[in-house]
Amino acid sequence: MQNPYEVIKAEVYDIIQESPLIRTLRLKPEKPIEFKTGQFIELGLPGIGEGPFTPSSSHYISETMDVTIMKTGFLTEHIHKIDPGTLVGIRGPFGSHYPLEKFKGKDVLIVGGGCGLAPLRSLFLSMLHDNKAYNSITFLAGAKTPKDCIYKDEVTEWRKYDNVKFIRAVDEVPPEEEWNENVGVVTTLFEKVKIEVNGNPVVVCGPPLMMKFATRDLLKLGFKEENLYLSMEKKMYCGFGQCRHCIIGGYYACKDGPVFTFDQIKNEEAIWE
Ligand SMILES: Cc1cc2nc3c(=O)[nH]c(=O)nc-3n(C[C@H](O)[C@H](O)[C@H](O)COP(=O)(O)OP(=O)(O)OC[C@H]3O[C@@H](n4cnc5c(N)ncnc54)[C@H](O)[C@@H]3O)c2cc1C
């Protein structure tokens, strides 16, 4: 394992303002950072602080890294003020990853909402790298309103693959916004889209309530608990099991997670908080 305290400097070489509250930083680290999709890094702004974020780029690329960040508080407010050229620090990668080997040959369902799409974009792009290794990939993506949808510039490209479906839904459409795709919370897509349940994996990431209801509905549809992968974004600091902020029952979300199967954590307390 690499030194978990080592900070690798990275230059922000581009910034994509995805939505009013979410931006993607495109980073060029001073040396390549290898990670596996689903793992997270600690991203720090000198003099401000650091926080856990999941790379949103493919794990087949290590010379650059994208990180998609929602403005929620002190650190992320500052991250939303930086310009290209800024140097940030990266520690990691840390934690567990999505087991792509187990997904090969399967119909893979991906369900995400809000900034939960960040790790899922990494998973999706890593799978597109050799998309034919998977029978099909269906990505259901939710946002509050059309202007909150992220990765807008990539959707057309993503929809070109034969065995890939990228389907979006927004909770509501304000009168001043245009939208000709689905309306309703992302879980309403489960009834509208053909889903192959039989022994297939499903990966979910999003706000806690969305994860809770998606899990309930996916189990009802017949997905097995051991095939349902959740990214648990518990409050964490060190990233490697020392500070104990991110305990979920007998697990550390940073070390044993953030990717867990529902089967692993279903009996733990307060998993959706
Ligand atoms: C494994 C993991 C991966 C994550 N990936 C992403 C990502 O790709 N994109 C993204 O926008 N956000 C991600 N987050 C959440 C992100 O870490 C927090 O939004 C960020 O640290 C908030 O910092 P703040 O100072 O701006 O907010 P604060 O004012 O400190 O808090 C705002 C909110 O963020 C939560 N939060 C604060 N500190 C942490 C922390 N250390 N760990 C987790 N949550 C915290 C608080 O509980 C609160 O709900 C991830 C969290 C985890 C644990």
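Ala169 stands opposite Asn182 of strand E10 in this predicted model. Strand E10 covers residues 182–183 and is joined to strand E9 by two bridges, the two strands running parallel. On strand E8 (residues 136–143), E9 has a further partner, again in the parallel sense, with seven bridges between them. Within this pairing, Phe139 has Phe166 of E9 as its bridge partner. Strand E9 spans residues 164–170, and six of its seven residues are buried, so the strand is largely enclosed by the rest of the structure.

The structure holds one cavity of 30 Å³ or more. About 40 Å³ of space lies in the largest cavity. Its lining consists of Leu117, Ala141, Gly142, Ala143, Cys149, Ile150, Phe166 and Arg168. Strand E8 provides the largest share of this lining, with three residues, and E8 and E9 each supply at least two. By class, the lining comprises six nonpolar residues, one polar and one charged.

The second largest pocket holds about 160 Å³ of space. Strands E7 (107–113), E8 and E9 each contribute at least two residues to its lining. Among the lining residues are Asp107, Val108 and Leu109, together with Ser136, Ile137 and Thr138. The lining also includes Asn163, Val164, Lys165, Lys194, Ile195 and Glu196. By class, these residues divide into five nonpolar, three polar and four charged.

**Backbone geometry**

Most residues other than glycine have a negative phi, and most peptide bonds are trans.

| Cis peptide bond | Omega | Location of the proline |
|---|---|---|
| Gly92 to Pro93 | about 15° | Pro93 in strand E6 |
| Gly257 to Pro258 | near 10° | Pro258 in the loop between strand E14 (251–252) and strand E15 (259–261) |

Tyr151 is not a glycine, yet has a positive phi of about 60°. Tyr151 belongs to the loop between E8 and helix H4 (155–158). With a relative accessibility of 2%, Tyr151 counts as buried, because the value is under the 20% cut-off.

**The surroundings of Ser96**

Ser96 is placed in the loop between strand E6 (87–94) and helix H2 (100–103). Its relative accessible area of 16% is under 20%, and Ser96 is therefore buried. A polar atom of the Ser96 side chain lies 2.8 Å from the backbone oxygen of Val259. Beyond its neighbours within four places in sequence, Ser96 is in contact with Gly38, Gln39, Lys255, Asp256, Gly257, Pro258 and Val259. These contacts of Ser96 include both Gly257 and Pro258, the two residues joined by a cis peptide bond.

**The surroundings of Tyr13**

Tyr13 is situated in strand E1 (residues 8–17). Tyr13 counts as partly exposed because its relative accessibility, 37%, falls between the cut-offs of 20% and 50%. When residues up to four places away in sequence are not counted, Tyr13 touches Arg26, Leu27, Lys28, Thr64 and Pro84. Between Tyr13 and Ile41, which are 28 residues apart along the chain, the C-alpha atoms are separated by 18 Å.

Notes: Residues are numbered from 1 along each chain as its sequence is written. This is a predicted model: local features need pLDDT of at least 70, side-chain atom pairs count only at pLDDT 80 or more; totals for chains, interfaces and linings use all residues. Side-chain values use heavy atoms; hydrogens and water are left out. Helices (H or I, at least four residues) and strands (E, at least two) are DSSP runs, numbered from the N terminus. Buried means under 20% relative accessible area, exposed over 50%, partly exposed in between (1.4 Å probe, protein chains only). A polar contact is a pair of N or O atoms within 3.5 Å; within protein, one must be able to donate a hydrogen and the other to accept it, and residues adjacent in sequence count only if both atoms are side-chain atoms. Contact means heavy atoms within 4.5 Å. Two strands pair if DSSP finds at least two bridges between them. On a 1 Å grid over the protein atoms alone, a cavity is a set of points where a 1.4 Å probe fits but cannot get out, and a pocket is an open set with protein on both sides within 12 Å along at least five of seven lines; lining residues have an atom within 4 Å of a point. Grid points are joined across faces, edges and corners, and a volume is the space filled by probe spheres set on the points. Ala, Val, Leu, Ile, Met, Phe, Trp, Tyr, Cys and Pro count as nonpolar, Asp, Glu, Lys and Arg as charged, and the others, Gly among them, as polar.
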